[in-house]
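This briefing is prepared for a reader who wishes to follow the fold of each chain and the contact between chains. Please keep the sequence and the model at hand while reading.

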Amino acid sequence: METEENNQNVNHVMASSGATGSISVLLHPLVVMNISEHWTRVRAQEGKAQQVIGALIGKQKGRSLEIMNSFELVFTVIENVVIDRDYYNTKEEQFKQVFSDMDFLGWYTTGDSPNESDIHVHKQICEINESPVILKLNPFTRNADLPVTMYESVIDLVNGEATMLFVELTYTLATEEAERIGVDHVARMASGDSAESSQVAEQLQAQHNAVKMLANRVRLILEYIRAMERGEVPKSHEVLREAKSLTHRLPVLNSEIFQEEYYTQYNDVLLQTYLASITKACHDLHQFVTKFNVLCDRQGIMGRRMRGLFF
Amino acid sequence: MSSQSNIALNNWLMANNVENISSVDEIYRYDRKQQQDMLAAKPWDKDPHFFKEIRISALALLKMVTHARSGGHLEVMGLLLGKVDANTMVVMDAFALPVEGTETRVNRLENAIGWYHSHPGYGCWLSGIDVSTQMLNQNFQEPFVAIVVDPVRTISAGKVCLGAFRTYPKSLNKVEDFGVHCKQYYALEVSYFKSALDRRLLDSLWNKYWVSTLSSSSLTTNADYTTGQVSDLSEKLEQAENSLGRAALVGSGVGVSGSSIEDRRSEDRLAKAARDATKTSIEALHGLLAQVIKDRLFNQVRSRPA
């Protein structure tokens, strides 16, 4: 009984684990980088890490949210955290001008699991928007997973009274092409090194990294299934089913239509390369002829000899 | 023994949230006094080539690229915040205009250090108007830098296409007849930096992102752009051919000296056409590489005997 109560005290902001989120969230990596920079800047300026709070904006279509950008919020700490509404209102006007089709979707903060003060801030945010989502980024985590968790709030009956609780949401990362290239670029270069390698090497390196990840994942699944066979881990039919459906999907596309399209595309690229090499050859030849002309001209009479050699 | 003490140390560090602001993150600190001293001294007045390098933060890069991309085929512009560090300009953040109106200084200590705009599809350089705008900026808002980003070329090449430029003051140049503005400004050497937290986040982002890297097919994404490039190339070749024809006529009549101007022009055209053709075909080849890899991985399955 006592331990139950203790657990409840620690975790009474989270709804029971049975409750699942009702909306799907698409998160842009830019938001993650924004929060990271905000936190790093405050830390570098103040000398020690502090909690930062900010707002999330994006698009909402029915039950799916797309969080595309974020900005900082000013807050004061008088016992509890109080959000500066005026600052928010000014910022809202401004971002409406540039990002006219984006709405206020929620707020973010740094820290570990959600706690009392988060509920308090959340209630203030609820005055702005009916059902905001919360994003928590943990800057001190040591494992390799993305330390970002998203929550939404539900009103639940706890001990007879209606309280606000958080429910964890699952999110996916948005993969817009330009963003992906930017993220790739900053991820791969070490600070302060100049990329002298060839373009082909860079491209192949990126592909190699991705393929390596794929190989690792497949190896992991294989090991898991082998362990299941040996009896080291309990058999999970769901995992087995999914693995089987995965292997059944190969080969992915082997129809004739695909082969035709594939080779047409291949030929197009080769044609383009041919064009480029012909152009280059023309240019080189032209240069050669011009230079030769200049050389020859020195020997003979202007004009006539030159023409004679190349007619 | 030492690994155990390492583990213990790490645990202690984590438990106490020991702030070890590594030198990597020092760059994020804004030293107001140091900046004001720099602004007072103005070492760039005496040397038009004073700033040689520029360091751009990961966030600023992402913001610029995303903003430029959101504009589609329209140019967009924004402001850069940052500071100066000896001969290097440092860009910490970027803001799309008109968000950077009046109020944004509340939470930002840094000053405006430059502006950026996009050239969707036509490369990273300064146009005539850009050059005059920048010269004006450099007269009144020093230190200031102009960054140009091309989101279309970024996506087509699979590499970030960005350039940072500073103009020379007017008195140093005579505008040449070929309308070459490129002699009025010079490019800074660009490098990027990220914080320790950025690095960790980016690594974990990669854990989820590799799927889209593998599955992206740049040939299909860039089909429009490639077609545009090929027809552009054909126009250039036609022009080159015409001017070559003219050069031949002129050359046969007058001799080497007369043909030199036409020849040089047509040679420039042909050289440029060759360069563009090579660039486009390289990008196409990269896309094809990705397609072949995918085909081998997912389509050609050799079943091993059980």
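The notes below treat the sheet of each chain, then the interface, then local backbone features.

The model is predicted. Chain A holds an open sheet of 8 strands with mixed pairing, and chain B likewise has an open sheet of 8 strands with mixed pairing. The area buried between chain B and chain A is about 8900 Å².

**Sheet of chain A**

- The strands of chain A follow the order β9-β8-β7-β6-β2-β3-β1-β10.
- The edges are taken by β9 (161-169) and β10 (171-173) of chain A; each has a single partner strand, so one side of each is left without a neighbour in the sheet.
- On average, neighbouring strands of this sheet are turned by 35° against each other, direction ignored.
- Strands β7 (residues 133-137) and β8 (residues 148-158) of chain A run antiparallel and are joined by 5 bridges. Within this pair, Val133(A) stands opposite Glu152(A) in β8(A).
- Helix α3 (residues 85-98) of chain A packs on the sheet, where β2 (53-61), β3 (64-72) and β6 (103-110) of chain A are touched. The direction of this helix makes about 115° with that of β3(A).
- A helix of the other chain is also placed against these strands: α7 (residues 196-215) of chain B lies across β7 and β10 of chain A. The helix runs at about 95° to β10(A).

**Hairpin and annotated region of chain A**

- Strand β4 (residues 75-78) of chain A runs antiparallel to strand β5 (residues 80-83) of chain A, and 4 bridges join the two. Val77(A) has Val81(A) in β5(A) as its bridge partner.
- This hairpin of β4(A) and β5(A) has 1 residue between the strands, and Glu79(A) takes a positive phi near 70° there.
- An unreviewed UniProt entry lists residues 25-157 of chain A as "domain: MPN". Over residues 25-157, chain A is 32% helix and 39% strand, with the end C-alpha atoms 26 Å apart.

**Sheet of chain B**

- The strand order in chain B is β7-β6-β5-β4-β2-β3-β1-β8.
- Each of the edge strands, β7 (185-187) and β8 (189-193) of chain B, has a single partner strand, so one side of each is left without a neighbour in the sheet.
- From one strand to the next, the twist averages 35°.
- Strands β4 (residues 111-118) and β5 (residues 145-149) of chain B run parallel and are joined by 5 bridges. Trp115(B) has Ala146(B) as its bridge partner in β5(B).
- Helix α5 (residues 128-140) of chain B packs on the sheet and touches β4, β5, β6 (162-167) and β7 of chain B. The angle between the direction of this helix and that of β6(B) is about 60°.

**Interface of chain A and chain B**

- The contact involves 91 residues from chain A and 92 residues from chain B.
- Carbon and sulfur atoms give 68% of the buried area. Leu62(B), Tyr209(B) and Trp210(B) supply 8% of the area that chain B buries against chain A, more than any other three residues.
- Between chain B and chain A, 12 residue pairs are found in polar contact, with both residues at pLDDT 80 or more.
- On the side of chain B that touches chain A, the elements giving two or more residues are α4 (58-70), β3 (88-96), α6 (151-157), α7, α8 (218-221), α9 (223-254) and α10 (256-298) of chain B. The largest share of that side, 25 residues, comes from α10(B).
- The structure holds 19 salt bridges over all chains, and the count between chain B and chain A is 1.
- Arg69(B) and Glu176(A) form a salt bridge, their closest N and O atoms being 2.9 Å apart. Arg69(B) lies in helix α4 of chain B and Glu176(A) in the loop between β10 and α5 (177-188) of chain A, so the pair joins two chains.

**Local backbone features of chain B**

- Most residues other than glycine have a negative phi, and most peptide bonds are trans.
- The peptide bond from Glu142(B) to Pro143(B) is cis, with omega near -10°. Pro143(B) is located in the loop between α5 and β5 of chain B.
- Lys42(B) has a positive phi, near 50°. This residue lies in the loop between α3 (32-41) and β1 (53-57) of chain B.

Definitions and conventions
Residues are numbered from 1 along each chain as its sequence is written. Chains are lettered from A and ligands numbered from 1 in the order in which they are written. This is a predicted model: local features need pLDDT of at least 70, side-chain atom pairs count only at pLDDT 80 or more; totals for chains, interfaces and linings use all residues. Side-chain values use heavy atoms; hydrogens and water are left out. Two strands pair if DSSP finds at least two bridges between them. Axes are lines fitted to C-alpha atoms, for helices over the stretch in contact, and angles run from 0 to 180 degrees between N-to-C directions. Contact means heavy atoms within 4.5 Å. UniProt positions are given in the numbering used here, feature names are shortened, and annotations may be inferred rather than shown by experiment. Buried area is the accessible area (1.4 Å probe) that two parts lose on being put together, summed over both. A salt bridge is a side-chain nitrogen of Lys or Arg within 4 Å of a carboxyl oxygen of Asp or Glu. A polar contact is a pair of N or O atoms within 3.5 Å; within protein, one must be able to donate a hydrogen and the other to accept it, and residues adjacent in sequence count only if both atoms are side-chain atoms.
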